[in-house]
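Dear colleague,

Please find below the sequence and structure that I am handing over to you. My notes on the fold follow directly after them.

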Amino acid sequence: MKLHEYQAKEFFKRFGIPVPEGKVTRSGDEALAAARELKGPPWVVKAQVHAGGRGKGGGVKVAGSIEDVKEAASAILGTPLVTKQTGPDGRKVHQVLVEEGVQIDREFYLAVVIDRAKAMPVVIFSQAGGMEIEEVAVRTPELVLRQFVDPVAGWMSYQARTLAYGLDPLPDSDTLKDIMAVMGKLYRAFVSLDCSLAEINPLVITEQGKVIAVDAKINIDDNALPRQKELRAFDDPKEKDPLDVKAEQYNLNYIRLSGNIGAMVNGAGLAMATMDVIKLAGAEPANFLDVGGGASEEMVTRGLEIILEDENVKAILINIFGGILRCDVLARGVLAAAEKTAIRVPLIVRLEGTNVEEGRKILQESKLKFMVAKDMAEAAAMVTEQVKKSA
Ligand code: GDP
Ligand code: MN
């Protein structure tokens, strides 16, 4: 789960990390009112979307007057923001953060993530801040410094010194202390909030010599949400694909893809294999959908509804190997979906496993139009043929 910058900055404040004063707003007039209460000029107006690279995409604007704040906010709120991370259609902006502008002297990168290979948190620090760390890592890897953290011992002050004394030129000792303090605080936030990422890019030294987090990014490990109850309220469904939101609601593992064959499968391995045979038959899957081993009739119904709501879908392949999910349960789920939403595209069904006879019978005795495939290869060939016919 991702937090917005303004939400992440609220948490930074709680953990003692300095951030600019600011207010989140939803209109040009609200932005103007916010600017009146904040110190400026300059003010900074920042699009709040779950995507990075906003600066380059025009989602971060420095305003020299109150009127400019209103204009910048109205412009950002009115047009989809396209950045390297949003895709070509961009992202609609529902909120902008208005902040007191900061005079930047130097920009650093600071982040905590989990290094999966080492199974440890790692603190990453670079004096090449403000730009994408991936690019820095490719072009000047010597500027990306790392300290792995023993999760039992925690963050050690010698590690902060190792990173901070890597700076060239070296800031004065008070500034160095402030930078090292932010490292410790960010690590504490990372652990306390069960983050998968806590990032400050840029962490700046201002012309006045203050250390301050100009940007903030926090991603929470979804597996920790049951114990991070407060954080769940920060979830923003507007930032997500509506089909993803629905899938999440019903505990379905769904990923939308760019093809036109909707596939409903039980088990992640079978789902992957089904995508492979679809590709092998010369077509492209529209989704990955694993209804799960223990799917209920309702989950099957919802899964099929999600597939049908995707306008790109031109044919559907249901590939079920009945185990814990019995074929009769699957069949009833499919019929329930068909009752609510007309199945407007060809449907190919391949069933095997527990209660397969009963499942087939339920489908055959219904009014549902569908084709039966005897195995996976035939199923993929049939569904591909249907898609080609409709094209
Ligand atoms: P991102 O592009 O989505 O990562 O958004 P950031 O919050 O990092 O903003 C992009 C860039 O805008 C930063 O790297 C800064 O260089 C600049 N910026 C952001 N806030 C301020 C500010 O208060 N003053 C100045 N001078 N520049 C800012
Ligand atoms: Mn940034």
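Predicted model: local features only at pLDDT ≥ 70, side-chain atom pairs only at ≥ 80, totals over all residues.

Threonine 25 stands opposite valine 96, a residue of strand S4. S1 and S4 (residues 96-100) are paired in the antiparallel sense, over 4 bridges. They belong to an open sheet of 4 strands, whose order is S1-S4-S2-S3 and whose pairing is antiparallel. In general, the strands of a sheet pair through backbone hydrogen bonds, either parallel or antiparallel. At the edges of this sheet are strand S1 (22-25) and strand S3 (60-63), each of which pairs on one side only. From one strand to the next, the twist averages 20°.

Two helices lie across this sheet. Helix H1 (residues 5-14) lies across S1, S4 and strand S2 (43-47), and runs at about 45° to S4. Helix H2 (residues 28-37) likewise lies across S1, S2 and S4, with a direction at about 170° to S1.

H2 also packs against helix H4 (residues 66-78), at an angle of about 145° and with the two axes 8 Å apart. The crossing of H2 with H4 is right-handed. On the H2 side the contact is made by Gly28, Asp29, Ala31, Leu32, Ala35 and Arg36, and on the H4 side by Ile66, Val69, Lys70, Ala73, Ser74 and Leu77. Sorted by class, these residues of the H2 and H4 contact comprise 7 nonpolar, 2 polar and 3 charged.

Helix H11 (residues 297-309) packs with helix H12 (residues 327-340) at an angle of about 45°, and their axes are 7 Å apart. H11 and H12 are therefore oblique to each other. Their crossing, too, is described as right-handed. H11 contributes Glu297, Val300, Thr301, Arg302, Leu304 and Glu305 to the contact, while H12 contributes Val329, Leu330, Arg332, Gly333, Val334, Ala336, Ala337 and Lys340. The contact of H11 with H12 divides into 7 nonpolar, 2 polar and 5 charged residues.

As for the overall division of the chain, the domain assignment gives domain 1 as 1-20 + 102-238, domain 2 as 21-101 and domain 3 as 240-390. Between the C-alpha centres of domain 1 and domain 3 the distance is 43 Å.

Some points of backbone geometry remain. Most residues other than glycine have a negative phi, and most peptide bonds are trans.

- Proline 41 and proline 42 are joined by a cis peptide bond, with omega at about -5°; proline 42 is located in the loop between H2 and S2.
- Asparagine 201 and proline 202 are likewise joined by a cis peptide bond, here with omega at about 10°; proline 202 is part of strand S8 (residues 195-206).
- Aspartate 194 has a positive phi of about 50°, although this residue is not a glycine; aspartate 194 is in the loop that lies between helix H7 (173-192) and S8.

With kind regards

Conventions: Residues numbered from 1 in each chain as written. Chains lettered and ligands numbered in written order. Heavy atoms only, no water. Axes fitted to C-alpha atoms, helices over the stretch in contact; angles between N-to-C directions. Parallel < 35°, antiparallel > 145°, perpendicular 65-115°, else oblique. Left-handed = near helix turned anticlockwise from the far one by under 90°. Contact = heavy atoms within 4.5 Å. Nonpolar A, V, L, I, M, F, W, Y, C, P; charged D, E, K, R; others polar. Domains from an automatic or database assignment. Pairing = 2+ DSSP bridges.
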